[in-house]
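This briefing sets out selected features of the structure shown below. The points are grouped by topic.

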Amino acid sequence: ISGNSSTNSPSNPTQGLKRPRNDTGNKVTVVLGAQWGDEGKGKVVDLLATQSDLVCRCQGGNNAGHTVVVEGTEYDFHLLPSGIINPKSICVIGNGVVIHLPGLFEEAEKNEKKGLKGWEKRLIVSDRAHLVFDFHQVVDGIQETQRQATEGKIIGTTKKGIGPTYTSKASRIGLRVCDLLGDFKEFSTKFKNLVAQYQSMYSSLTVDTDTQLKKLKEYGERLRPMVRDGVYYMYEALHGPPKKILVEGANAALLDIDFGTYPFVTSSNCTVGGACTGLGIPPLNIGEVYGVSKAYTTRVGIGAFPTEQLNATGELLQTRGHEVGVTTGRKRRCGWLDLVILRYAHMINGFTAIALTKLDILDVLDEIKVGVAYKINGKRIPHFPANMELLHKVEVEYETFPGWKSDTSAARKWNDLPQKAQNYIRFVENHIGVPIKWVGVGKSRECMIQMF
């Protein structure tokens with residue numbers, strides 16, 4: 001029908017009125033890692049979660065590790081959205097997350113001992129989320145051992161069964177929350193078949209299916225009150241009364257299964273698209289997209305790392321920054337800030353603002369370098385290479401800044417920062433082309449300087 005006024009005029013009551021196009025519902029804010037993880041996303045999420053009605057996880061599993069400090073107490077989260085600390089927010093574990101039930105309850109109990117209260121009343125779990133079983137975790141370990149034997153190198157997974165679970169999902173043999181809460185006899189049969197399939201691939205795998213099933217039945221009953229149809233739940237949240245909705249990304253851009261430094265990546269999409277597919281929400285409802293980056297770069301496990309400093313600087317960053325993985329306890333590899341990877345992460349995610357964390361770690365350095373371009377055979381390359389052999393060969397072009405050589409940890413606003421630190425921040429901002437909204441200078445909530 002042509003859009004002329006005569007057909008849409010109120011005098012023609014049978015004519016349906018055009019629905020206003022601007023009624024898109026609530027917008028969600030997404031927080032994403034812009035490097036290789038461990039950027040301090042938990043801190044940014046925590047800052048925003050205090051004003052959020054809904055805090056959601058959309059991908060990954062308990063391979064994530066977020067530490068949040070509240071009133072001197074350190075809480076560690078792996079599977080629970082870190083917004084669970086806020087007694088006023090509801091937390092959602094979306095369909096894109098893979099859930100290890102023993103891990104979920106164990107994590108909740110550990111945090112309860114530290115003072116977390118009423119979490120069961122505030123947690124919603126999508127019935128479409130896939131389940132991580134103990135044998136997935138065993139298989140994860142076996143696969144790493146096999147990689148070591150055949151290729152002489154491992155991926156460096158957290159051995160939490162995440163990869164094998166996403167493999168089951170993609171092979172259409174996985175089991176979901178809705179299966180566990182359905183007919184248990186049916187579930188038991190499927191579970192036994194799944195175990196048999198894995199045992200045919202891994203002869204050393206032993207599974208006590210009866211004990212596992214008994215436990216799973218108990219976990220299922222504990223979980224039941226928290227389970228909802230995730231798509232419908234999110235739709236209602238988006239289209240009901242105004243709500244502040246936050247999506248907490250796990251892992252990071254360079255660990256993304258599609259865009260990361262494959263194969264040294266995680267097994268899900270930890271870029272912005274994962275928020276849509278992992279919760280069942282349309283792109284139209286994505287509002288702010290915040291990228292989180294350290295003021296330097298770290299990486300856990302193996303894989304290319306162009307700005308890595310295998311020297312005194314790298315060691316200084318590692319010790320001053322306490323760079324040890326929350327989930328694995330592994331020492332992190334450290335190097336200078338790499339703007340090539342930040343620009344690349346921005347191309348994929350379309351950051352509306354950035355949080356730059358751990359600036360205070362650079363306080364003692366005489367000079368600070370920033371990677372601005374990659375060269376191969378002395379020629380700048382315009383993109384981030386997909387091929388790992390190529391990435392290992394790149395030579396980094398650096399911009400060098402004089403260090404500010406003063407303590408920034410007490411800074412609470414922009415003007416408290418030394419001029420040289422301000423110059424460093426402005427350079428980063430201009431180079432990526434995204435405004436820096438927060439600068440982190442310490443562990444606690446108060447140490448995030450908000451710029452606008």
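At what angle do helix H7 and helix H8 pack, and how far apart are their axes? In this predicted model, helix H7 (residues 184–201) packs against helix H8 (residues 209–223) at an angle of about 135 degrees, and their axes are 11 Å apart.

**Overall architecture**

- The protein contains 14 helices and 20 strands.
- Its radius of gyration is 24 Å, close to the 22 Å that the globule rule gives for 452 residues, so the protein is as compact as a globular protein of that length.
- The C-alpha trace spans about 75 × 65 × 50 Å along the principal axes of the protein.
- Buried residues make up 54% of the 452 residues of the protein.
- Of the contacts between residues at least 6 apart in sequence, 75% join residues at least 24 apart.

**Packing of H7 against H8**

- Angles of 65 to 115 degrees count as roughly perpendicular and those over 145 as roughly antiparallel; at about 135 degrees, H7 and H8 are therefore oblique to each other.
- The crossing in which H7 passes H8 is right-handed.
- On the H7 side, the residues in contact are Phe-184, Phe-187, Ser-188, Phe-191, Lys-192 and Val-195. On the H8 side, they are Thr-209, Asp-210, Gln-212, Leu-213, Leu-216 and Lys-217.
- By residue class, this contact of H7 with H8 comprises six nonpolar, three polar and three charged residues.

**Packing of H4 against H5**

- Helix H4 (residues 134–151) and helix H5 (residues 162–170) pack with their axes 7 Å apart, at an angle of about 110 degrees.
- An angle of 65 to 115 degrees counts as roughly perpendicular, and H4 and H5 are therefore roughly perpendicular to each other.
- H4 contributes His-136, Val-139, Asp-140 and Gln-143 to the contact, where they meet Ile-162, Pro-164, Thr-165 and Ser-168 of H5.
- The residues of this contact of H4 with H5 divide into three nonpolar, four polar and one charged.

**The cis peptide bond at Tyr-262 and Pro-263**

- Most residues other than glycine have a negative phi, and most peptide bonds are trans.
- The peptide bond from Tyr-262 to Pro-263 is cis, and its omega is near 5 degrees.
- Tyr-262 lies in the loop between strand S10 (245–248) and helix H10 (273–277), and Pro-263 is also placed in the loop between S10 and H10.
- When neighbours within four places in sequence are left aside, Tyr-262 is in contact with Ile-257 and Met-388.
- Tyr-262 and Asp-134 are 128 residues apart along the chain, and their C-alpha atoms are separated by 26 Å.

- Asp-38 is not a glycine, yet has a positive phi of about 60 degrees. Asp-38 occurs in the loop between strand S1 (28–33) and helix H2 (41–49).
- With a relative accessible area of 26%, Asp-38 is partly exposed.
- Lys-358, a residue other than glycine, has a positive phi near 60 degrees. The loop that holds Lys-358 runs between strand S15 (353–357) and strand S16 (367–376).
- Lys-358 is partly exposed, and its relative accessible area is 22%.

Key. Residues numbered from 1 in each chain as written. Predicted model: local features only at pLDDT ≥ 70, side-chain atom pairs only at ≥ 80, totals over all residues. Heavy atoms only, no water. Helix = DSSP H or I, 4+ residues; strand = E, 2+ residues; numbered from the N terminus. Contact = heavy atoms within 4.5 Å. Axes fitted to C-alpha atoms, helices over the stretch in contact; angles between N-to-C directions. Parallel < 35°, antiparallel > 145°, perpendicular 65-115°, else oblique. Left-handed = near helix turned anticlockwise from the far one by under 90°. Nonpolar A, V, L, I, M, F, W, Y, C, P; charged D, E, K, R; others polar. Rg over C-alpha atoms; globule rule 2.2 N^0.38 Å. Buried < 20%, exposed > 50% of the residue type's maximum accessible area, 1.4 Å probe, protein only.
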